[in-house]
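This report describes the spaces inside a protein model and the surroundings of its ligand. Please look at the sequence and the structure before reading on.

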Amino acid sequence: MSEKTIYNFCAGPAALPKPAIEQAQKELLSYKGIGMSVMEISHRSKWADEIIGEAEDNIRTLLNVPDNYHVLFLQGGASLQFSMIPMNFLQGTGKPADYIHTGSWANKAIAEAKKEGEVSIVWNGKDENFVRTPAQSELKLDPNAAYVHFTSNETIQGVEYFEEPETGNVPLMCDASSDFLSRPIPVEKYGLIYAGAQKNIGPAGVTAVIIRDDLLERVPEGLPSLLDYKNMADNKSLYNTPPMFAIYMVMLTTRWVRNDIGGLKAMETVNRKKADLLYEAIDNSNGFYRGHAKPECRSRMNVTWRLPSEDLEKQFIAEAEQEGFLQLKGHRSVGGLRASIYNAMPVEGCEALRGFMAEFQKKNA
Ligand SMILES: *Cc1c(COP(=O)(O)O)cnc(C)c1O
């Protein structure tokens, strides 16, 4: 019996590329014929070295990461980075850190940073209900700030940056959890980029961190070892037992982007196409579907929109589920609908959803 096609639009943990999961299935009992699973091998073994090595190499190659950056695999999710960044680079500096407030995830980063030091909110999109990212001219940046933090894609509101804020000599820190490896970015503009894996590059349990080497010299003495970037970099992410299976899935997923998709330019083309399909459906609906974000800031990863009433939204979600379009409910804090269309979502998934949207409108407008 063939299974019905389902498309998983979950915001995270999100769909993974099928070839990556199939490869893991093939090797589940015996990785490379060694008679042990990746879950059972020593993190000090040569197989572990290979896996971490390839995962890092894939990320370096895809993003063209300059040599003066470390690529780390840490635990605690993106949420722990909200604390680690200010613990390492704000606490004790006597300077403020500049935070750009674009939505729910920026808000969480700000709340954690405030526990560690002085935070200056250099732009706040709250009064506009977080529908856009700021223009450079709107940012009240302090040239003496410890760093500037921004969220390249607000997963809940569906608002994305397509150009980095300019911060001069002040290090730029970025929560890229929900658009990491979705398109090329100029890594050299950043001090630190972090991404919880479970949106775009793997399962939960590992967080990718790209950090510029000179920042490691600023890390204060005395931090808990696991929260100390320098310690984790000195030990090549192997200070303690890393989540090998999660890193292995990151390796397979990034290998898929590298070899099957053909790199981040190609990935961006696919992601643009998918987002365009859904935004066109919204724009051509005569107001039946209303997008949340301003068109120039619309996320290519999380498409957020509303229907004329909450009852219709409920009906849409229920009928969509029947048709195999899963997890389209918007985040409870903002309501409405959200289609998360990360790297692993095929174009056909967006074409099919667009078709469903048109049908639903015809019947219910
Ligand atoms: C999901 C998400 C987080 C939180 O990630 P965890 O790994 O669950 O801590 C942080 N920032 C953004 C932008 C996210 O999408």
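The largest pocket contains about 460 Å³ of space, a pocket being, on a 1 Å grid over the protein atoms alone, an open set of points with protein on both sides within 12 Å along at least five of seven lines. Among the 15 residues that line this pocket, those closest to its centre are Thr-5, Ile-6, Tyr-7, Leu-16 and Lys-18, where a lining residue has an atom within 4 Å of a point. Two or more lining residues come from each of β1 (7–8) and α1 (18–26), and α1 gives the largest share, three residues; helices (H or I, at least four residues) and strands (E, at least two) are DSSP runs, numbered from the N terminus. By class the pocket lining has nine nonpolar, two polar and four charged residues.

The model is predicted, so local features need pLDDT of at least 70 and side-chain atom pairs count only at pLDDT 80 or more, while totals for chains, interfaces and linings use all residues. Residues are numbered from 1 along each chain as its sequence is written, and side-chain values use heavy atoms, with hydrogens and water left out.

The structure also holds one cavity of 30 Å³ or more, a cavity being a set of grid points where a 1.4 Å probe fits but cannot get out. About 70 Å³ of space lies in the largest cavity, and its lining includes Leu-63, Cys-174, Phe-180 and Tyr-190. The charged residues Asp-179 and Arg-183 also line this cavity, whose lining has seven nonpolar, one polar and two charged residues.

Around the ligand there are 13 residues, of which the closest are Ser-79, Thr-155, Asp-175, Gln-198 and Lys-199, a residue being counted as near if one of its heavy atoms lies within 4 Å. Helix α3 (residues 77–89) gives the most to this shell, with four residues, and the shell divides into three nonpolar, eight polar and two charged residues.

| Residue | Atom of the residue | Distance to a ligand oxygen atom |
|---|---|---|
| Ala-78 | backbone N or O | 3.0 Å |
| Trp-105 | polar side-chain atom | 3.5 Å |
| Lys-199 | side-chain N or O | 2.6 Å |

Taken alone, the ligand exposes 390 Å², and the protein buries 88% of that, with accessible areas coming from the Shrake-Rupley method with a 1.4 Å probe.

Definitions and conventions:
Points joined across faces, edges and corners; volume = space filled by probe spheres on them. Polar contact = N/O pair within 3.5 Å; in protein donor to acceptor, adjacent residues only side chain to side chain.
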